[in-house]
Amino acid sequence: VTAIGRIARAKVKYRSGARENDIVYVTGYLGDSAQGLLDIRSGVYDSPFVAVHHDPHPCVNEGIWLGNQPEVHAMMDISDGLSSELLHICRQSNTGCRIYEERIPIDYQTAVMAEEFNMSLITAALNGGEDYELLFTVPLAKHDDISALPGIRIIGHITAPSLGAYMITRDGAE
């Protein structure tokens, strides 16, 4: 499917807009679609994750709201996995980042299913793709303005490019 539309130039949010010290946010939960694909490959066709995988619900309303917020510096949807999309933002913005494993939003049921399939939960959230949640950056000073949007979560921050792009694991390793 291809969608074509128009938007005022002032409301366009590019991948290249992230700035040092911005907060990195995501909407919703990550890894549900990856779990759905794993269910299908395992012969399980009636799980709620299969429905998520087959019938994605892009965050259109959230995207419109965020597009109207001048404090949103960079934004894109998560279609290829969090790690890939965040690296796109960092490369195109000439920045680095730190995200924190314990802050990556994963639905409880996804965690339960991942354990049953002996699958790395964090791998599904970072690399699964097809979640169609939004990834965006906002300056720390504007956190209160953006926090009005329900369901968003802080997962990290933008750094200088010389610091690279890293995830801080639960045990503090980069």
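The structure is a predicted model, in which local features need a pLDDT of at least 70 and side-chain atom pairs count only at pLDDT 80 or more, while totals for chains, interfaces and linings use all residues. Residues are numbered from 1 along each chain as its sequence is written, and side-chain values use heavy atoms, with hydrogens and water left out.

The secondary structure of the protein chain consists of 7 helices and 6 strands, where helices (H or I, at least four residues) and strands (E, at least two) are DSSP runs numbered from the N terminus. Read from the N terminus on, these elements follow the order β-α-α-α-β-α-β-α-α-β-α-β-β. The C-alpha atoms of the protein chain fill a box of roughly 45 × 40 × 25 Å, taken along the principal axes. The radius of gyration of the protein chain is 16 Å, which agrees with the value near 16 Å that a compact globule of 174 residues would have; the radius is taken over C-alpha atoms, and the globule rule is 2.2 Å times the number of residues to the power 0.38. Of the 174 residues, 44% count as buried, a term that means under 20% relative accessible area, whereas exposed means over 50% and partly exposed lies in between (1.4 Å probe, protein chains only). Among contacts (heavy atoms within 4.5 Å) between residues at least 6 apart in sequence, 82% join residues at least 24 apart.

Helix α1 is mostly covered, since 7 of its 10 residues are buried, namely Asp-32, Ser-33, Ala-34, Gln-35, Gly-36, Asp-39 and Ile-40. The cover over these buried residues includes α2 (48–54), α5 and α6 (121–127). Two packed helices are described by the angle between their axes and the distance between the axes. For helix α1 (residues 32–41) and helix α5 (residues 108–116), the angle is about 35 degrees and the axes are 10 Å apart; axes here are lines fitted to C-alpha atoms, for helices over the stretch in contact, and angles run from 0 to 180 degrees between N-to-C directions. The crossing of α1 and α5 is left-handed, a word used if the near helix is turned anticlockwise from the far one by less than a right angle, with right-handed used if clockwise. On the side of α1 the contact is made by Asp-32, Gln-35 and Asp-39, and on the side of α5 by Thr-110, Met-113 and Ala-114. These residues divide into 2 nonpolar, 2 polar and 2 charged, where Ala, Val, Leu, Ile, Met, Phe, Trp, Tyr, Cys and Pro count as nonpolar, Asp, Glu, Lys and Arg as charged, and the others, Gly among them, as polar.

Within helix α1 lies Ser-33, which is buried, with a relative accessible area of 1%. Not counting residues up to four places away in sequence, Ser-33 touches Val-52, His-53, Gly-129, Glu-130 and Asp-131. Glu-130 is placed in the loop between α6 and β4 (133–139) and counts as partly exposed at 32% relative accessibility. Asp-80, in the loop between β2 (74–78) and α4 (82–93), is partly exposed at 47% relative accessibility. When its neighbours within four places in sequence are left aside, Asp-80 is in contact with Glu-85, Asn-127, Gly-129 and Glu-130.

Most residues other than glycine have a negative phi, and most peptide bonds are trans. Glu-130 has a positive phi, near 65 degrees, in a residue other than glycine. Asn-94 likewise has a positive phi, of about 55 degrees, although it is not a glycine. Asn-94 sits in the loop between α4 and β3 (96–100) and counts as exposed at 56% relative accessibility. A positive phi, near 85 degrees, is also found in Gly-43, which follows α1.

The structure holds 0 disulfides, a disulfide being a pair of cysteine sulfur atoms within 2.5 Å. The sulfur of Cys-90 has its closest cysteine sulfur in Cys-97, at 3.7 Å, which is too far for a bond. Cys-90 is buried at 3% relative accessibility, and Cys-97 is buried with a relative accessible area of 3%.
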